[in-house]
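Please keep the sequence and the structure in view while reading.

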Amino acid sequence: MKRIKAIGKKVVRNFVVPPWESDIMEFKHGLWQGVSPLFTQSGRQLGEENTRPFLFNDRIPAKTIACKYDGSRHGRLINMSALRTAMINYDKAIDITRAVIQRHAATASSNKPAACGGIWDLYIISLASIALISYSVRKNPKVNSTGIVPDDLASQYQFIAGIFMICRHMIDGNDALISENTPINAVQLYEYADQHEIFMSFNGMVCAGSTKKIMDFLEFCTNRMSDAFSGTDDAQEAGSFTPLPGITDDVDDWFRYVLLAVEFDCFVKMARRTHRIETGISARTDHENSFNTYKNISDYCVSLMSPCDVTADVGYESGALMRQNKILGVLNRKPLTKIDKRILTEQLHYD
C-alpha cells in the first residue's frame with residue numbers, strides 16, 4: 001500500500017493523469033493499455049513489465065525462471081511472481097470468464113446475426129473481460145481512488161489477455177482464421193500463438209504457466225462459448241450474468257460500455273489504416289484486409305447496440321468525439337466539446 005500511495009503522490013505532483021482518470025482513455029489508450037498500470041491486491045501491476053504508458057511502469061521485481069515447456073517459450077524467462085497470484089485465483093477467474101461469456105451470448109443470440117459463436121465473439125469477450133476492470137475503475141469512485149484491482153479479477157485479466165493478443169495479431173496479420181466469424185478451437189489458438197511467438201513480450205520474457213493450464217483455459221472459453229450460443233449452457237438465459245461483488249452490479253450498463261468501447265476501438269484502427277493507405281505510408285494491400293475485419297467486427301457490435309448508441313458516419317474527428325462522449329455518458333461524466341487535434345493526429349500515426 002505504501003508503494004501505491006507513493007506513486008499516487010508522484011503522479012499528482014507531476015500533473016500526470018493516469019489513463020483510467022482521463023476523459024479520453026478509450027480513444028487515447030484503449031481498454032488494454034488503459035488499465036495495465038493499475039495495481040492488484042498483491043501489489044503487482046496488471047501489465048507487469050508490459051505496462052503502458054511506460055511512464056507508469058513501476059518495474060516491480062519478480063522471481064523469474066527459464067520456461068521448461070516446448071515451443072517458442074522454451075528456455076526463455078517467465079514471471080513466477082505474477083503466475084503465483086494467477087494460479088491461486090484460477091477457479092475464480094474461470095467463474096468470471098463464464099459469466100462474461102454468458103452475458104455476451106445472451107445479447108448476441110437474441111439478435112440472431114448471420115453468424116455467432118465464432119472468433120469475433122471470442123475477441124469481444126476478451127475485451128469485455130478487460131472492460132470489467134476499466135468500467136469499474138472509471139465509474140466506481142471507491143475503486144478509482146485506490147487504483148487497486150481484486151486479485152481474482154487480475155487473474156482473469158492475465159488469462160484472457162492472451163486471447164485478446166492472439167485475436168488482435170490475427171486481424172493485423174490478415175489471417176484467414178479471423179476474416180469471418182467462424183468457430184475456432186483451443187488447439188488452433190494455441191498453435192497460432194506458439195507459431196507467431198505471441199507468448200513473448202517485447203523484453204524477451206514469455207507467458208508463464210504450463211501448456212496444459214493454458215490449454216485448459218482456452219478449451220474452457222471455446223467450449224463454453226459454443227454451449228452458450230447453441231443453447232446447451234445450463235445458465236444460458238437473457239441477463240444470466242451474475243453480478244460479481246466488487247466488480248459490477250449493473251450488468252446492462254457494463255455491457256453497453258463494452259459494445260461502445262469495442263466499436264470505438266475498431267473505429268480508431270480503421271481510421272489508422274485509411275490514413276496509411278491514403279498517404280502512401282504502406283501498400284494498400286497491407287491494410288485493406290485488416291480494415292475489413294475491423295469493419296465487420298464494428299458492424300457486429302453495432303448490431304448488438306440499442307439504436308441510441310449507434311454513431312452516424314460523420315468522419316474521423318467528429319466520430320471520435322461523439323463516440324467518446326457516449327462512453328462518458330455511461331460513466332456519468334461531463335461531455336467533451338472537442339478532442340485536441342494533436343492527440344487526434346497522434347492516434348492516426350500510432351502503431
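Which residue has its backbone nitrogen 2.9 Å from a polar atom of the side chain of Asn-57? In this predicted model, the backbone nitrogen in question belongs to Arg-59.

Asn-57 is placed in the loop that runs between strands β1 (39-40) and β2 (64-66), and although it sits in a loop, its relative accessibility of 11% makes it count as buried. Besides the 2.9 Å approach between its side chain and the backbone nitrogen of Arg-59, and with residues up to four places away in sequence set aside, Asn-57 touches Gln-45, Glu-48, Glu-49, Asn-50 and Thr-51.

## Overall fold

The protein chain contains 14 helices and four strands. Of its 351 residues, 53% count as buried, and among contacts between residues at least 6 apart in sequence, 74% join residues that are at least 24 apart.

Helix α5 (residues 90-111) has 22 residues and spans 32 Å from its first C-alpha to its last, close to the 32 Å expected at 1.5 Å a residue; it is mostly covered, with 16 of the 22 residues buried. Helix α11, with 28 residues, reaches 41 Å between its first and last C-alpha, close to the expected 40 Å, and this helix too is mostly covered, since 24 of its 28 residues are buried. After α11 comes Gly-280, whose phi is positive, near 75°.

## The nonpolar core

The largest nonpolar core comprises 97 residues, and the residues with the most contacts inside it are Phe-27, Trp-254 and Tyr-257. Helix α11 contributes the largest share of this core, namely 15 residues.

What does Phe-27 contact once its neighbours within four places in sequence are left aside? Its partners are Phe-264, Val-268, Tyr-316, Ala-320, Gln-324, Ile-339, Ile-343, Leu-344 and Gln-347.

## Salt bridges

Side chains of opposite charge can pair when their charged atoms come close. The structure holds 15 salt bridges, among them the pair formed by Arg-138 and Glu-26, whose closest N and O atoms are 2.8 Å apart. Arg-138 lies in helix α6 (residues 119-139) and Glu-26 in helix α2 (residues 25-28), so this pair ties together parts that are 112 residues apart in sequence.

Another salt bridge joins the side chains of Arg-256 and Asp-309, at 2.8 Å from N to O. This pair links distant parts of the chain, with Arg-256 in helix α11 (residues 251-278) and Asp-309, 53 residues away, in the loop between α12 (284-304) and α13 (316-330). The two partners fall into separate accessibility classes, for Arg-256 counts as partly exposed at 32% relative accessibility, whereas Asp-309 counts as buried at 5%. A further bridge, between Asp-299 and Lys-295, has an N to O distance of 2.9 Å; these residues are four apart in helix α12, and therefore about one helical turn separates them. Asp-299 counts as partly exposed at 36% relative accessibility, and Lys-295 likewise counts as partly exposed, at 33%.

## Cysteines

How many disulfides does the count come to? The count comes to zero, given that a disulfide requires a pair of cysteine sulfur atoms within 2.5 Å.

Two cysteines illustrate the reasoning. For Cys-207, the closest cysteine sulfur is that of Cys-67, and because the two sulfurs are 9.7 Å apart, they are too far for a bond; Cys-207 is partly exposed, with a relative accessible area of 27%. For Cys-266, the closest cysteine sulfur is in Cys-301, at 5.8 Å, which is again too far for a bond, and Cys-266 itself counts as buried, at 0% relative accessibility.

Notes. Residues numbered from 1 in each chain as written. Predicted model: local features only at pLDDT ≥ 70, side-chain atom pairs only at ≥ 80, totals over all residues. Heavy atoms only, no water. Salt bridge = Lys/Arg side-chain N within 4 Å of Asp/Glu carboxyl O. Helix = DSSP H or I, 4+ residues; strand = E, 2+ residues; numbered from the N terminus. Buried < 20%, exposed > 50% of the residue type's maximum accessible area, 1.4 Å probe, protein only. Polar contact = N/O pair within 3.5 Å; in protein donor to acceptor, adjacent residues only side chain to side chain. Contact = heavy atoms within 4.5 Å. Core = buried A, V, L, I, M, F, W, Y, C linked by side-chain atoms within 4.5 Å. Expected span 1.5 Å × (residues − 1).
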